[in-house]
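Biologist: Could you take me on a close look at one part of this model? I would like to start from a single residue and see what lies around it.

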Amino acid sequence: MAKRRGKKKKSRWLIVVVLLGLIGAGCYYIYNNQEVLDDIKDNAPEVKKIQIVDENSKTRPIAVMINNNHEAWPHAGLQDAYITYEILAEGGITRMMAIFKDQDTSKIGSVRSARPYYLDYALENDAIYVHYGWSNQAKADIASLDIDNINGLTVSSVFWRDKSLNKATEHTVFTSMDRIKEYAKEQGYDRDTNKDLLLNYSAAEVSLKNKEGSMPADNVYMKYSYYTDTSYEYDPENKVYLRSMSGEPHVDAVTGKQYTYKNIIITPIESHAYDSYGRLELDNIGSGDGYYITDGYAIPIKWEKSSRSSQTVYTDLSGNEIKVNDGNTFIQITPIGEDIEITGNSDESEAD
């Protein structure tokens, strides 16, 4: 028995010696082949951050007028827009304009008619303007400003009615990127642009925490009228804002998901009615105050727009153009004097 135990002991020592030899050989190889390892590292595929806004793209944007009567909800396709504007229209109802670039969104809407001040924001983005109908002033401005546009009243091929919705006819008009692009091509509209993007996007993540005037912004609320208000709740895990309207989550009709936004820009601007129907004019040529909100914080900003076609410039309190995070942006042009509340989960700060 003692002899057998001796053989087992010798075998174990032999295994240990072999393992130590293998480890030593591996260390020797790594030490003496660092150039090989460095070469492998240098040639490994680069892991890149997913880019939402391609600053190098020269594709011309497309702006679609969106119906925001409560009876028209839910919307379709807005998550694909890289910029969306919301502005008050007549009757206390807002309309939105969603701007798309390099997208193939299959259902967008419902689509509504043109208003003149929305043309200013289509122009500042050099966008083809898509709408279903127009006010008399918008019709005249589209002609005088020579805006490339697609009007559903005269171009039936680009639009369709979703009769399955069981809604009033004016809330059932939709379009798609494929149809818009095809018609724009037929009309010879420029499909490239030489105009820079409206916003100054940052490659690195923008943090507002230590900026001048910074305040926590976990919850954002804006009142537009007795009929309409808009709010956001920050999702810190995904670093986006969940959008709601009049107390209801703003969801997409196709995906069923709540819309999310990386950046929010708020600019209160004076408006006033110019006809008996209550249609509005917007005093958006000039300058004013506002807020930029991203990643759970807000800072006060200034805005300036020198003409209808010029791009709005957004600056911080030091006069520097703000940098925004790569991601989709909602520009909230709210009425002067209505409530704006920006609060953190642990404070009661408020902005009016």
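Modeller: Happy to! Let's start at Ile-83, which, leaving aside neighbours within four places in sequence, is in contact with Met-97, Ala-98, Ile-99, Asn-125, Leu-198, Leu-199, Tyr-201, Thr-329 and Ile-331. Contact here means heavy atoms within 4.5 Å. This is a predicted model, where local features need pLDDT of at least 70 and side-chain atom pairs count only at pLDDT 80 or more, while totals for chains, interfaces and linings use all residues. Residues are numbered from 1 along each chain as its sequence is written, and side-chain values use heavy atoms, with hydrogens and water left out.

Ile-83 also belongs to the largest nonpolar core, which has 43 residues; together with Tyr-85, Met-97 and Tyr-129, Ile-83 touches the most other members. Such a core is a set of buried Ala, Val, Leu, Ile, Met, Phe, Trp, Tyr and Cys residues joined through side-chain atoms within 4.5 Å, and buried means under 20% relative accessible area (1.4 Å probe, protein chains only). Elements that each supply at least two residues include β2 (83–88), β3 (94–100) and β23 (329–333). Helices (H or I, at least four residues) and strands (E, at least two) are DSSP runs, numbered from the N terminus. The largest share, 6 residues, comes from α3. Ala-98, one of the contacts of Ile-83, is included in a second, separate core of 39 residues, along with Val-158, Met-177 and Tyr-241.

How confident is the predictor? On pLDDT, its confidence in each residue from 0 to 100, the chain has a mean of 88, and 84% of its residues reach 70 or more.

Key. Buried means under 20% relative accessible area, exposed over 50%, partly exposed in between (1.4 Å probe, protein chains only). pLDDT is the predictor's confidence in each residue, from 0 to 100.
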